[in-house]
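Open the model in your viewer and keep the selection tool at hand. We will go from one stop to the next, and at each one you will hear what to select and what is there.

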Amino acid sequence: MKTKQYYRIFLNLLLVSIGSTMASAQAPQQADPYKKAATSAVAPVVSEEASSPAEGNIDIEYNITATIEWLDLSNADAMSLMRGGLAPNSAELIQKIRELETQGKATLVEAQSVTTKSGQRATSEGVKEFIYPTEFKPFESKSLSEANVNLSNTQVKDGKITLQQEASGAAQPTAFEMRPVGGRFEVDPVIGSDGKTLHVNMAPEYVIFTGWQELGKVRLGGETLAMVEQPHFASTRITTAITIVSGQTIVAGMTNVQKEDGTIDPTKKRLLLVHGLIFPIHTP
C-alpha cells in the first residue's frame, strides 16, 4: 500500500517538472541590460547621401578670384571715410563707399579681375601699347660759305651779321620703348593654412597719356621747331601685401588723381578696393 502511494507522489512530481520545463521554453527571454548586443555579420546599407565629397570620395582643389576697383571721389568724402575710425575691411566702410557710388559721388575708373591657383602669379591687362623713340641720330647741318649766304637766315645787330645755320633734315629715331597705357593688375595670392584667409601680394597700376614735351630747338625750312618730342604719362600705382578673409572687400590704399595734363587734382582722391574669393573645384 505504501509502495503505491510513493509511486503516485513520484509520478506527480515528474509531471510537474515536465510541465514547468515546457512553460519556460515557451516564455520569451528577458533582455539582459548589462549584456552587449551581438555584432551582425552583415554590413549595413549606406545611402548615396552619405557618400559625399566631404568624406573624401573625390579630391578637392581650390581656385582664387581677385578683383580690384579704382574709385575716384572728392577729397572731402575720401578724408571723411579714412578719418571715420573704421577698419579698411569693415563692412560698414564698404557700404558707405557703395552708397557714394549710388549717389554719383564716387566714380569707377577701372576694374579688373583674374582667377588663379594658390601661389600662382597672374596678370590682367587692358592696355594700349604706346611706342615712342628714345634715341636719335645726330643732326646734320647745312654748310655755310661766304660765297653763298642766304640773307633770310641772317640777323643784323649792332652792325654785325649773325648767321643762323639750318639743319638738313629732321631727327631720325634709332631706338624705341613701349609703355602700356591703361589698367594692369599683377597679383600673387596664397591660401592660408585655415583655408579661409587669403594672403595677397599685388601691384595694380593705371596709366594715362598726358601729352608731348618738346626737347631742344632746331631751324628747319626757315622755321624753329622742336628738336625731339617725348611723351608724358601719369600713373596710379599701389604695391602692397594684405591678408583678407575669403569673400571680403578691403580698402587697400588711397592716392592722388592726375588731370589729363598730368598735374595733380587737389580736389580728388583715388581709392583701391580689393575683393578676394576662394572657391573649390571638384575633380573626380
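## First stop: Q112

Select Q112, which is buried, with a relative accessible area of 6%. Keep in mind as you look that this is a predicted model. Colour strand β2, residues 106–117, and you will find Q112 in it.

Now zoom in on the side chain of Q112. One of its polar atoms lies 3.2 Å from the backbone oxygen of G183. Which residues is Q112 in contact with, leaving aside its neighbours within four places in sequence? Show A66, T67 and I68, then S124, E125 and G126, and finally G183, R184 and F185.

Move on to F185. Not counting residues up to four places away in sequence, F185 touches A66, I68, Q112, V114, A122, T123, S124, M202 and P204.

F185 also belongs to the largest nonpolar core, a set of 20 residues. Select F185 together with V187, M202, I242, L272 and V274: these have the most contacts inside that core. Which elements give two or more residues to this core? Colour β1 (59–74), β6 (172–191), β7 (197–202), β10 (240–245), β11 (248–258) and β12 (264–283) to see them. The most comes from β1, with four residues. As background, nonpolar side chains in soluble globular proteins tend to be buried together.

Apart from this core lies another one, of twelve residues; select L73, L93, I94 and A106, which are among them.

Next, show the aromatic side chains. The structure holds seven aromatic pairs. One of them is formed by F130 and F233, an edge-to-face pair with 5.4 Å centre to centre and 90 degrees between the planes. Where in the chain do F130 and F233 sit? F130 is in strand β3 (residues 122–137) and F233 in strand β9 (residues 223–237), 103 residues apart, so the pair links distant parts of the chain. F130 is buried, with a relative accessible area of 15%.

## Last stop: the whole chain

Zoom out and switch to a cartoon view. The chain has three helices and twelve strands. Of its 284 residues, 27% are buried. Among contacts between residues at least 6 apart in sequence, 72% join residues at least 24 apart.

Methods
Residues are numbered from 1 along each chain as its sequence is written. This is a predicted model: local features need pLDDT of at least 70, side-chain atom pairs count only at pLDDT 80 or more; totals for chains, interfaces and linings use all residues. Side-chain values use heavy atoms; hydrogens and water are left out. A nonpolar core is a set of buried Ala, Val, Leu, Ile, Met, Phe, Trp, Tyr and Cys residues joined through side-chain atoms within 4.5 Å. Buried means under 20% relative accessible area, exposed over 50%, partly exposed in between (1.4 Å probe, protein chains only). Contact means heavy atoms within 4.5 Å. A polar contact is a pair of N or O atoms within 3.5 Å; within protein, one must be able to donate a hydrogen and the other to accept it, and residues adjacent in sequence count only if both atoms are side-chain atoms. Rings of Phe, Tyr and Trp (its six-membered ring) pair if their centres lie within 6.5 Å; planes under 30 degrees apart count as stacked, over 60 as edge-to-face and the rest as tilted.
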